[in-house]
Amino acid sequence: MRDKKFFVAGLSMVAFVMIVAAGWANWANRRHMAEMQAQREMQPMVMGDMPGMGQGSGASGDAGEMVSPMVGRQAANFTLTDVSGKKVSLADYKGKAVQLNFWATWCAPCKIETPWLAELEKQYKPKGFEILGVSFDDLDMNDAAKLKSETADIARSAQQLGVNYPVLLDGDAISKQYGDPAVFPTSFFVNRQGKIVAATMGLTSKDDLENNIKKALGTGE
Amino acid sequence: MSVWVSAMLALALAAGQQNPFANFLNDAGKKSDAKPDEAVRYLYPEQVSVPAGKLTPVELHFEVKSGLHINSHAPKTKDLIPTTITLPTDAGLKLSGVEFPAGKDFLLPVAGAPGGGDHLSVYTGDFTVRGMMTAARGEHLVQAKLRYQACDNRACMPPHTIPVVLTVTAQ
């Protein structure tokens, strides 16, 4: 009788340990699966959710490489106002290779890319290359004082980053024409015939940017 | 005793099929209305019971999606957009002394950029906003808003606002 009690008690103990072990293993497995899922979801969220854009690549060094349906299309003409109040149209740059760089003052990766762009613009300008910076900072269009202050902030930020090319305001106004870019920086490289020959989404390397500039100039691969 | 052992074994089998913390996870994170593509989601609480008319601490829990960061409430530079929370005015409910956690120091890991750019103050993973709540007797539907601006190491998304909805019962 006593042996039987010991047996039952032992069995109960084993069952209890099994409950804890099975529960723990299941929880750990689910947690692992959730982490894997989060990793899978992360990249498309930032790099691949841009409507009209193709598959974004990983953050392993080739983030800017992408296949965009915008590539191969004629770049849509637009007219925007620059930070000095001057009207600027893409059509003004007919016959030149142009990089449209969509950025914002609140975008930390843009602050890394912009000084590279300033250098590249200086280097390739004599060959017929121009950059148009297009700011996506919010603007209070109905409040003249605020608009003036916001414009001054954008101009100051661009100046601090060494920008020596036109910085245009209100990128939202032309967003749809360029596939509603959802992340910044985003660039479109337009060749001398007005065709988009390359696009980058997210921070890429200075070498990648230079290769795309060469493509736009018709001297790259 | 044998009945008890059978019950234990049945439980053990069930435990293998179900997460023992499933209820906790459901309450904490899966009943949110957040869209799957949102960088930040409000986790909990969905319901709070407080003593009527008495100043009561409240904690709002959020989660930043893995691999992303958002600026803290106090970014290091003026041009970066801070994380903020706004509450609708409700005659019967007041939230005061809102405290955001301190941000983590973060430097973009970018090769070829001297210094990797600016140091940032960010939130990643879970973070909690604390405040003191006073509510008049009754039930209050709080519809607050959290505004943030999210990035990963290579790209940023425009600032975005998510709803923070909870029911406060003051007794």
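Across which strands of chain A does α2(A) lie? In this predicted model, α2(A) lies across β3 and β4 (129–135) of chain A and runs at about 155° to β4(A).

## Basis of the description

The model is predicted: local features need pLDDT of at least 70, side-chain atom pairs count only at pLDDT 80 or more, and totals for chains, interfaces and linings use all residues. Residues are numbered from 1 along each chain as its sequence is written, while chains are lettered from A and ligands numbered from 1 in the order in which they are written.

Helices (H or I, at least four residues) and strands (E, at least two) are DSSP runs, numbered from the N terminus. Axes are lines fitted to C-alpha atoms, for helices over the stretch in contact, and angles run from 0 to 180 degrees between N-to-C directions.

## The sheet of chain A

An open sheet of five strands has the order β5-β4-β3-β6-β7 (chain A), with mixed pairing; two strands pair if DSSP finds at least two bridges between them. At its edges are β5 (167–168) and β7 (196–201) of chain A, each of which pairs on one side only.

Strand β3 (residues 97–103) of chain A runs antiparallel to strand β6 (residues 186–190) of chain A, and five bridges join the two. In β6(A), S187(A) is the residue opposite N101(A).

## Packing of α2 and α4

The axes of helix α2 (residues 108–124) and helix α4 (residues 206–217), both of chain A, come within 11 Å and cross at roughly 35°. The crossing is right-handed, a term for a near helix turned clockwise from the far one by less than a right angle, with anticlockwise giving left-handed.

From α2(A), W116(A), L117(A), L120(A) and Y124(A) meet K206(A), L209(A), E210(A), I213(A) and L217(A) of α4(A); contact requires C-beta atoms, placed from the backbone, within 7 Å. By class, this contact has seven nonpolar, no polar and two charged residues. Ala, Val, Leu, Ile, Met, Phe, Trp, Tyr, Cys and Pro count as nonpolar, Asp, Glu, Lys and Arg as charged, and the others, Gly among them, as polar.

## Backbone exceptions

Most residues other than glycine have a negative phi, and most peptide bonds are trans. In the loop between β5 and β6 of chain A lies P185(A), joined to F184(A) by a cis peptide bond with omega of about 0°. A cis bond also joins Y44(B) and P45(B), with omega of about 5°; P45(B) is in the loop between β1 (40–44) and β2 (47–50) of chain B.

D170(A), not a glycine, has a positive phi of about 65° and is placed in the loop between β5 and β6 of chain A.

Notes. Contact = placed C-beta atoms within 7 Å.
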